[in-house]
Amino acid sequence: MRVSVAGAGLGGLCLAQGLRGAGIEAEVYERDPAISARFQGYRLVLSPVGFEALRGCLPPRWHPLLDAIVGDAYGERLILDPRLNQIGELGPGRPGIVVDRNVLRHLLLTGLTVRTGAALTGYDVLADGKVEARFAHGDPATADLLVGADGVGSAVRAVLSPQTTPTDTGVRFVIGRTPLTERFAGLTRAFGSKIAGDGVSLLLGAMRFRTPPKEAAEELAPEVTLPDVRDYVRWAMILPPNGSLGATTPQEAVLSRMAGWHSDLRAIIEQSDPDNSTLLSIRVVEPRERWAPGPVTLLGDAIHATSPTGGNGANTALRDADLLRRCLIEAAEGRQDLLGAVGDYERQMLTYGAEAVRHSLDALPAFVQGPASA
């Protein structure tokens, strides 16, 4: 069996690793011109379900490394004012661990074949039931299954399920990262809490590695090369609905909304890495009716993109990867045919994927200040 995966995000790479471990040929096609063409994310909270799905797709020999490069999720989940006084509660948090997305992506890339600069333009189902993917540059690729793991703007979904389109929530946020110094380590109550300002919310999260990733890889899995990244604070300011930065930089736009805020909070933004700060929009993809069965399917944000306030986007993509891996192993071992295996995956994925999107949208108003929180 041969599988083509469009998209080198966490879900697609996790699937490819899982298939590789099962002896199923998988090649990944990424539209970016290079693996490191753009910054690849921040701290993520993995639920027990997401973490176990990830472990299921990784070679067992890497499990000690994975355990070493994550951190522990904690936080009181309070609502604080800009002077760090408690004014409310967000409710109990969920158990989980934290991981740096860029570090995890490097781990998942290890040993895989990834063709970069491969923007998918379409595909054809061939007479023999296989599928041929076409790209803007380079030769087409033929496989038994094409998996669209190519994000919110999925080119695979545009052909497979054109009625399923992204919805812009109107919410914008600026996200960045700042080295976790001794000064910021004292902001324990602010990590995992919402700091409610005038029309904006600031969310902070600490990424504390159990072991620095580069050192952990050198000691536990020398074949893996991980970035030399140290502990940091991930911050995100949620702007008013349809807010924009204007002509300023991301940091300037955030600081302009923090007049009178606690000096430690302002310092986090002032000392952040300007290359890793950006304005993002919150778009979601809600699964619609199931498409006709065939040798093409979808995974992750391509079919159920969630608001990050739900804390379940990466977890759901990893769950997809592990479920599809297990279904395809059944097909490869002859326990059912390929279309039956893909059908089993889709029926389950569409159900829990739709639930994840709804949960994330239900959680969004609690983090938005101003009219959208009413």
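Buried means under 20% relative accessible area, exposed over 50%, and partly exposed in between (1.4 Å probe, protein chains only). The model is predicted, and local features need pLDDT of at least 70, side-chain atom pairs count only at pLDDT 80 or more, and totals for chains, interfaces and linings use all residues. Residues are numbered from 1 along each chain as its sequence is written, and side-chain values use heavy atoms, with hydrogens and water left out.

**View 1. Salt bridge between D72 and R210.** The closest N and O atoms of D72 and R210 are 2.8 Å apart; a salt bridge is a side-chain nitrogen of Lys or Arg within 4 Å of a carboxyl oxygen of Asp or Glu. D72 belongs to strand β4 (residues 71–72), while R210 lies in the loop between β15 (201–207) and α7 (213–220), 138 residues apart. Helices (H or I, at least four residues) and strands (E, at least two) are DSSP runs, numbered from the N terminus. D72 is partly exposed at 48% relative accessible area, and R210 is partly exposed at 43%.

**View 2. Salt bridge between D144 and K130.** Here the closest N and O atoms are 2.7 Å apart. D144 sits in the loop between β11 (141–143) and β12 (145–148), and K130 in the loop between β9 (120–125) and β10 (131–135), so the pair ties together parts 14 residues apart in sequence. D144 is buried, at 18%, whereas K130 is partly exposed, at 30%.

**View 3. Salt bridge between E27 and R2.** The N to O distance is 2.9 Å. E27 in strand β2 (residues 25–29) and R2 in strand β1 (residues 2–6) are 25 residues apart. E27 is buried, with a relative accessible area of 17%, and R2 is buried at 18%. Salt bridges that share partners join R2, E25 and E27 into one network.
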